[in-house]
Amino acid sequence: MTVKNNIEIITKEINKIISDYKLASKPNLIAVSKNHSKEKALEAIKAGQKIFGENRVQEAQKKWLDIKDKSIELHLIGALQSNKAEEAVELFDVIQSLDREKLAIKLQEQEKKQSKKLKYFIQVNTGEEIQKSGILPSDLPEFLRLCQENYELDIVGLMCIPPKDEEPAPHFTLLKKLAKRLNLNNVSMGMSSDYNTAIMMGATHVRVGTSIFGNRDYTNSGGR
Ligand SMILES: *Cc1c(COP(=O)(O)O)cnc(C)c1O
């Protein structure tokens, strides 16, 4: 299967869910190209794909600096260290992993310095897992207010990664409910294994890697 075939299959599947469940709008398909080559990314671009996701700043720079043009929207979906905020603001259009005040401060600093505005999703730890990044649901209203009022960040939505060994649906439902309550229009949820469920629960953005690009090769990456 080529990247083009895979994108066509997924697009068809998404369209079918939209019509079967009579959903009002079509979610954005983010092609997650992490741990895949520049050539694979170019294949997807050639097939008409415009939105891409990467989880590491350095890898994204190597891949995207010379092939990214204005038509491409690049999302950072992995954890961001504060000391990489400068590079992240330079390269990305959207950061989905905003999860702490220290990072919000750095991002505001860089937006001012670079005269650039990005869009942000706050990552929510819906499973309240101790080791996982993300804001706890109970802390979310206050964190959102800080980001908007103190740090003037354009928060457009919420993102979650459900716990590995649980049904994702309740987490998707919770994320959608939180977004609605806080007047945020976008929810980024669902990956290769569960994007169908996420779309039924109202995802506006799904993040699909493996089903588009195939299995990831970690042998040269020093791990995830
Ligand atoms: C890798 C990754 C994805 C894509 O996962 P697949 O299972 O390959 O579709 C989605 N979201 C995040 C945050 C990721 O790190």
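Modeller: Here it is, and below we go through some labels one by one.

Modeller: Before you start, this is a predicted model, with local features needing pLDDT of at least 70, side-chain atom pairs counting only at pLDDT 80 or more, and totals for chains, interfaces and linings using all residues. Residues are numbered from 1 along each chain as its sequence is written, and side-chain values use heavy atoms, with hydrogens and water left out.

Colleague: Okay, rings to begin with. Why is the pair of phenylalanine 52 and tryptophan 64 called tilted?

Modeller: Rings of Phe, Tyr and Trp (its six-membered ring) pair if their centres lie within 6.5 Å; planes under 30 degrees apart are stacked, over 60 edge-to-face, and the rest tilted. Here the centres are 4.7 Å apart and the planes stand at 50°, so the pair is tilted. By that rule, the count is one aromatic pair.

Colleague: What makes this pair a tie between parts of the chain?

Modeller: Phenylalanine 52 sits in strand E2 (residues 51–54) and tryptophan 64 in helix H3 (residues 57–64), so the pair ties together parts twelve residues apart in sequence. Those element names come from DSSP runs, numbered from the N terminus: helices are H or I with at least four residues, strands are E with at least two. Phenylalanine 52 and tryptophan 64 are both buried.

Colleague: Why is cysteine 147 called buried?

Modeller: Buried means under 20% relative accessible area, exposed means over 50%, and partly exposed is in between (1.4 Å probe, protein chains only). Cysteine 147 has 0% relative accessibility, so it counts as buried. Cysteine 160 is also at 0% and counts as buried.

Colleague: What makes lysine 4 and glutamate 8 a salt bridge?

Modeller: The term asks for a side-chain nitrogen of Lys or Arg within 4 Å of a carboxyl oxygen of Asp or Glu. For lysine 4 and glutamate 8, the closest N and O atoms are 3.3 Å apart. They are four residues apart in helix H1 (residues 3–20), so about one helical turn separates them. Lysine 4, at 46% relative accessibility, is partly exposed, and so is glutamate 8 at 40%.

Colleague: Which parts of the chain does the salt bridge of glutamate 152 and lysine 112 link?

Modeller: These side chains meet at 3.9 Å, N to O. Glutamate 152 is in the loop between helix H6 (140–150) and strand E6 (154–159), and lysine 112 is in helix H5 (residues 101–114), so the pair links distant parts of the chain, 40 residues apart. Glutamate 152 is partly exposed at 44% relative accessibility, while lysine 112 is exposed at 57%.

Colleague: How many salt bridges does a search of the whole structure find?

Modeller: It finds 13. Among them, arginine 145 pairs with glutamate 149, with the closest N and O atoms 3.1 Å apart. Glu54, Glu59 and Lys63 are linked in a network of salt bridges.

Colleague: Now the ligand. Which residues are around the ligand?

Modeller: "Near" takes a heavy atom of the residue within 4 Å of the molecule. The residues around the ligand include Lys34, Ile77, Ile161, Met191, Arg207 and Arg216.

Colleague: Last one. Why is alanine 44 called buried?

Modeller: Its relative accessible area is 0%, so alanine 44 is buried. Alanine 44 belongs to helix H2 (residues 38–46).
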